[in-house]
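This report describes helix packing and the nonpolar core in the structure shown below.

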Amino acid sequence: MIATSTGSPPRAITRLRGAVKPAVFGQLAALPAILIAVLVGSQLNRAFLTVDNIMTNVLAASAVLGVLTVAAALIIIAGHFDMSTQSVVAFAPVLSVWLVVPAAAGGAGVELDPVLGALLIFVLGGLVGAVNGFLVATLKLNAFIVTLAMLILLQGMTLGIGGGETLSNLPDVFIFLGSTRYLGVPAEVLIAVAVFVGAGLFMRYTVTGRQIYAIGGNPEAARASGIRVERITFWLFVASGALAGLAGLLMTARIASVTASQGNNILFTVFAAAVIGGIDLRGGRGRIVGVATGVLLLALVQNILLVSQIPSFWVNAIYGAIILLALMTGALAQGSWFARVRRPAAANHRSGDER
């Protein structure tokens, strides 16, 4: 009787965990924070809840972050990291635009067809992912180190190709997505939603999606059960690279130019959104719907900080605090804190009985 009273979590938490499955609770842990952010933002500025602000400065502005976070989530669920996506956001558009625009505008003088140039962005992203996938899946190199080296390599190549200059006056095909709306909704938002829905359905309802969870949970057990771990890992990196290329095209369309520095430091925000959305950095756990809530929360927070004219260096500090809160909320939802507290208490109780 004494052991029950000292080892059990608070009654309110027990009821909440009983009403909602822990896994679901962890994925949607950002929802209360989203509601608080909306309330705070509406009080700070009347323009916060306007349709134009939500569509343009929150949803459209976070489309690049959303696509990159989906790519990161797929790799993390499989038990790896892809650090190179940040550099692909700049490398693929810079090289493509460099091959398209005339030499007088800073290009290479090849004057490649603009449509082929836009498609080349996806090919370049996929090729970078294929190299990463080959090194990780076939040569068994550490994914974190491989993709970090690729990030540094691509950053250097991007600066070398573009000379650090900003390429503007781009063909319409490169800026079309940044200036187009359908029924009042920016095309960037529709593309990001399509990526989330497609990835979510793929992971939840396909055999390969379930196999990715199995690989992230225990790759040796997955291999023993007949899952082609190396093949799936290779194609996951290819998909991650292609999605990073898409994010690069969206960013180029949004700012109507391309520069070697675009996408810098976005990787930190990508991992923040993934963690807040319930993606387990140890692999094997997390849902795409949770990732969507993480991206939305960070977009709202960023918009509130901009509206409030808070210095940019405080943004990273606030992101760090949000990640810590998300980690603690996730541990609370999964009961790991109570398990750790209960374990030594139970051990002490048993040792007392033995004495």
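## Leu68 and the nonpolar core

In this predicted model, Leu68 is in contact with Thr85, Val89, Ala244, Ala247, Ile266 and Val270, leaving aside residues up to four places away in sequence. Leu68 also belongs to the largest nonpolar core, a set of 92 residues, where Leu68, Phe174 and Leu297 have the most contacts. Helix α6 gives the most to this core, with 13 residues.

## Packing of α6 against α11

Helix α6 (residues 63-77) packs on helix α11 (residues 187-205) at an angle of about 15 degrees, and their axes lie 8 Å apart. Because angles under 35 degrees count as roughly parallel, α6 is roughly parallel to α11. The crossing of this pair is left-handed.

On the α6 side, the contact is formed by Ala63, Gly66, Val67, Val70, Leu74 and Ile77, and on the α11 side by Glu188, Ala192, Val195, Phe196, Ala199 and Met203. By class, the residues of this contact are 10 nonpolar, 1 polar and 1 charged.

## Packing of α6 against α16

Helix α16 (residues 288-307) packs with α6 at an angle of about 140 degrees, with 10 Å between their axes. The two helices are therefore oblique to each other, and the crossing of α6 and α16 is right-handed.

From α6, Leu65, Gly66, Thr69, Val70, Ala73 and Leu74 meet Ile288, Val291 and Val295 of α16. This contact comprises 7 nonpolar and 2 polar residues, with no charged residues.

Conventions:
Residues numbered from 1 in each chain as written. Predicted model: local features only at pLDDT ≥ 70, side-chain atom pairs only at ≥ 80, totals over all residues. Heavy atoms only, no water. Axes fitted to C-alpha atoms, helices over the stretch in contact; angles between N-to-C directions. Helix = DSSP H or I, 4+ residues; strand = E, 2+ residues; numbered from the N terminus. Parallel < 35°, antiparallel > 145°, perpendicular 65-115°, else oblique. Left-handed = near helix turned anticlockwise from the far one by under 90°. Contact = heavy atoms within 4.5 Å. Nonpolar A, V, L, I, M, F, W, Y, C, P; charged D, E, K, R; others polar. Core = buried A, V, L, I, M, F, W, Y, C linked by side-chain atoms within 4.5 Å. Buried < 20%, exposed > 50% of the residue type's maximum accessible area, 1.4 Å probe, protein only.
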